[in-house]
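Open the structure in your viewer and keep the selection tool handy.

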Amino acid sequence: MEKDEIQLWNKNISEAVSSKRWVKAYSKYIDVLSENSVPVIFEIDHLAEILGLRSDLLVRAVNSVERFYRPFEIPKSSGGTRKINAPYPVLLDIQRWIGAHILSQVRISEQAHGFVKNRSIIRNAREHLGKECMLKMDISDFFPAISLKRVITIFLFLGYSPSVSYYLSVLCCLENQLPQGGAASPQICNIIATPLDRRLMSLALAYSLNYTRYADDLTFSGRYIPIKFIKIVESIASDEGFEINNKKTKLMRAKGRRIVTGISIGTGELKLPKSTKRSLRQEVYWLERNGIFAESGRDGIFDPLYVDRLLGKLNFWRSIEPENTYVIEKIDRLKELIISES
């Protein structure tokens, strides 16, 4: 916040509030929020005004936030389904505003690579190239493990009043926990997991290891990782309010197939896994053979975004293997097909 803006706030408060004690308290509140580079919010009506919403609508969202979500399920790669709670547009916009103007000002750890600008699964995987040993672990129910109370602490830490911290937190949560599908959920996860990252990084350094986290995926690598290291990680995670999914823990000491966040690093360089390549080659083959329209409606339901998604997958492949002639050629070929059939 600019100095002139702070002075204007203080001037307006002095004119509106007669008690010097309250003027001093409000001025201190503004100063703290200003130091943390976050917007000044006094109460819910003020928040509604900032968001450009009617106060009654925002109050309704706070009091009955469950009515502002649409639940659905998506299949897991390991089998079963994952529940997603997608916010309706009005709540989606609120969460995006909170993320852009408030949560973005909170510093997160260097070890977090998911949902962070200028970091990616590629950078995450690159940290573990050429290592003799690798340990992969997974946090169970990462989003639901973060309670409303833990979210409130973020806004309190930034200097917001207890009531404003509660309103902002409720607008980001569902059923007193962080929902998978919320627009602000990834940022909140990274903030809450920062103490965990710092402790695990300190542990990794003590064993001369690299450590990264991509969302709920923890990866360690180095010359040697003892079995006892796993229990230490589990203990630290538990102490920070998280539980490790033991079924997904994998300690790899021998050379061979190694996948980190969907990228193969077993050969000493970044590659797309062979199984993924086969699948994409097959999709491209049938698209070239049958045409865009036929393949977009292959399952009996026309999918207008099918080609866009396939192009996205190919571009992802190219970002991992930029010199791959096959993927370069097929991206150009698909673009030609789109033009010729449009």
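**Stop one: a helix pair**

Select α14 and α15 and look at how they cross: α14 passes α15 in a left-handed crossing. Keep in mind as you go that this is a predicted model.

To place the pair in the chain, α14 covers residues 306-320 and α15 covers residues 325-341.

Now show side chains. On the α14 side, pick V307, L310, L311, L314, N315, W317 and R318; across from them in α15 are Y326, V327, I328, K330, I331, L334 and I338. What kinds of residue make up this contact of α14 with α15? There are 11 nonpolar residues, one polar and two charged.

**Stop two: the sheet**

Next, select β4, β5, β3 and β6, which in that order form an open sheet of four strands with antiparallel pairing. At the edges you will find β4 (210-214) and β6 (250-252), each pairing on one side only. Ignoring direction, neighbouring strands here are turned by 10 degrees against each other on average.

Zoom in on β4 and β5 (residues 217-222): these antiparallel strands are joined by five bridges. Select N210 and you will see it opposite S221 in β5.

Definitions and conventions: Residues are numbered from 1 along each chain as its sequence is written. This is a predicted model: local features need pLDDT of at least 70, side-chain atom pairs count only at pLDDT 80 or more; totals for chains, interfaces and linings use all residues. Side-chain values use heavy atoms; hydrogens and water are left out. Axes are lines fitted to C-alpha atoms, for helices over the stretch in contact, and angles run from 0 to 180 degrees between N-to-C directions. Helices (H or I, at least four residues) and strands (E, at least two) are DSSP runs, numbered from the N terminus. A crossing is left-handed if the near helix is turned anticlockwise from the far one by less than a right angle, and right-handed if clockwise. Contact means heavy atoms within 4.5 Å. Ala, Val, Leu, Ile, Met, Phe, Trp, Tyr, Cys and Pro count as nonpolar, Asp, Glu, Lys and Arg as charged, and the others, Gly among them, as polar. Two strands pair if DSSP finds at least two bridges between them.
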